[in-house]
Every structure is written in C-alpha cells, then in structure tokens.
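Please look at the chain shown below and work through the questions that follow it.

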Amino acid sequence: RLGGDAWDAVLFEHAARRFQDQHHQDPRADPASYLALLESARAAKEQLSANDTASIVVSLEGTVEEVPIRRAEFEQLTAPLVARTRAVLERAVADVSTEGLRHLVLSGGGTRMPQIGHLVRDVTGIEPDTGDPVMRIARGAALYGASRLARWLSLPTVGAPDEEKSPDIALYVGPVSPRVYGIPIENAEGR
C-alpha cells in the first residue's frame, strides 16, 4: 500500500527504534504509547510537508523523548516508497499521451509532500496542481459529476465552463473514493 499511512509507518518505526536504542524499552509494546507515537509520526509527516524539521514525540511509562527529523532524512527514509510510487505512476501514464494536457490534479494528504510533487513533475513533465487538497477533492468530485452528466446527456466531451471544449478529448473520471489515487484519461480513439 502506498497511502500516507505507509509514510507514517516509516516515521513511526524510525522513532520507535531510536527510543528503544536509547532507553532499552519498546514503545510499540504498550497500546497507549503505540497510538500516541503513531499520531505523533503522522503530525511530523504533515509538518515536514511545510517545514525542514519536525519532532516525533515518543513516551513510555513516564519517559518522554523528542526524536528530531529533518525533511532530507525523511526523504531518504521514504525513498523506497517513492520508488514504488514512481513505478505505479509510470505504469499509469505509459499508454497515455500527456501532450496537450494542461492540468494535473492530485488529491489526498500525501500529495502535500514536496517529494510527491517532484516525482509527478519528473515522470509527467507537468507541474501538478498544488492548491488546497480539500479543494482538489471537491474539484475531482465536480469533474466526476460532470462526467456522469455528460454520459447521461450523451455529450462527447467534458470541460470546465471557462475552458474550450475539444472534440478530440474525452475525460473519464473513475469513481470518487478516499482511496482513489488517479484519474484515467483517454483520447477520442480510446487510448
């Protein structure tokens, strides 16, 4: 799985090992410490999306330690996840021409991480939409609704109201769900 939870797990394990090495106790063994560490790892991931440094708080039986982490270290630790994501992205765009594609909208919390934006740009050559993730999800839902309406009305294309419609491009938006990681597109020939 390549959702944000995978990145959280890397930070979680990193901090747990550091704590265990220092204090000879495993915070993963205590349910309350486990949950607090998981939440702290998630918060650190979110902080690293906007800042160069963050801290992961680990506590167990009255012992509290802040494990500092820099964005560069985070990116190094999660490099295997980025490589897996690259493979998935390359397969997804292998049969699709990005020529003429003007917008690439990403959704989900993981897309806030700079390394994911860089990856998408490297693979597609397109600067991804880096706007508010909530608005991106709303935009995806609107595109999905427009796509469904266009099918129902048998319209050949779907475009934003202020954009010129092209008879050569059809937009297909897959079902919207919290775990959908892409929008398949195809041209008029079905490729």
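Q: How many residues does the largest nonpolar core have, and which of them have the most contacts inside it?
A: The model is a predicted one, in which local features need pLDDT of at least 70 and side-chain atom pairs count only at pLDDT 80 or more, while totals for chains, interfaces and linings use all residues. Residues are numbered from 1 along each chain as its sequence is written, and side-chain values use heavy atoms, with hydrogens and water left out. A nonpolar core is a set of buried Ala, Val, Leu, Ile, Met, Phe, Trp, Tyr and Cys residues joined through side-chain atoms within 4.5 Å, where buried means under 20% relative accessible area, exposed over 50% and partly exposed in between, with a 1.4 Å probe and protein chains only. The largest such core has 28 residues, and those with the most contacts inside it are Trp7, Leu11, Leu37, Ile56, Ile69 and Phe74.

Q: Which element gives the largest share of this core?
A: Helices (H or I, at least four residues) and strands (E, at least two) are DSSP runs, numbered from the N terminus. The elements that give two or more residues to the core are helix 1, helix 2, strand 1, strand 2, helix 4 (79–93) and helix 5 (114–124). The largest share, eight residues, comes from helix 1.

Q: Which residues does leucine 11 contact, leaving aside its neighbours within four places in sequence?
A: Contact here means heavy atoms within 4.5 Å. With those neighbours set aside, the partners of leucine 11 are Ala41, Ala44, Lys45, Ile56, Ile69 and Phe74.

Q: Is histidine 14 buried or exposed, and what is its relative accessible area?
A: Histidine 14 lies in helix 1 and, not counting residues up to four places away in sequence, touches Val67, Ile69, Glu73 and Leu77. Histidine 14 counts as buried because its relative accessible area is 9%.

Q: Which residues make up the covered face of strand 1?
A: In a regular strand the side chains alternate between the two faces of the sheet. The uncovered face of strand 1 (residues 53–60) holds Thr53, Ser55, Val57 and Ser59, whereas the covered one holds Ala54, Ile56, Val58 and Leu60.

Q: Over how many bridges do strand 1 and strand 2 pair?
A: Two strands pair if DSSP finds at least two bridges between them. Strand 1 and strand 2 form a hairpin with two residues between them, and glutamate 61 in the turn has a positive phi of about 50°. Serine 55 stands opposite proline 68 in strand 2. The pairing of strand 1 with strand 2 (residues 63–70) is antiparallel, and the number of bridges is eight.
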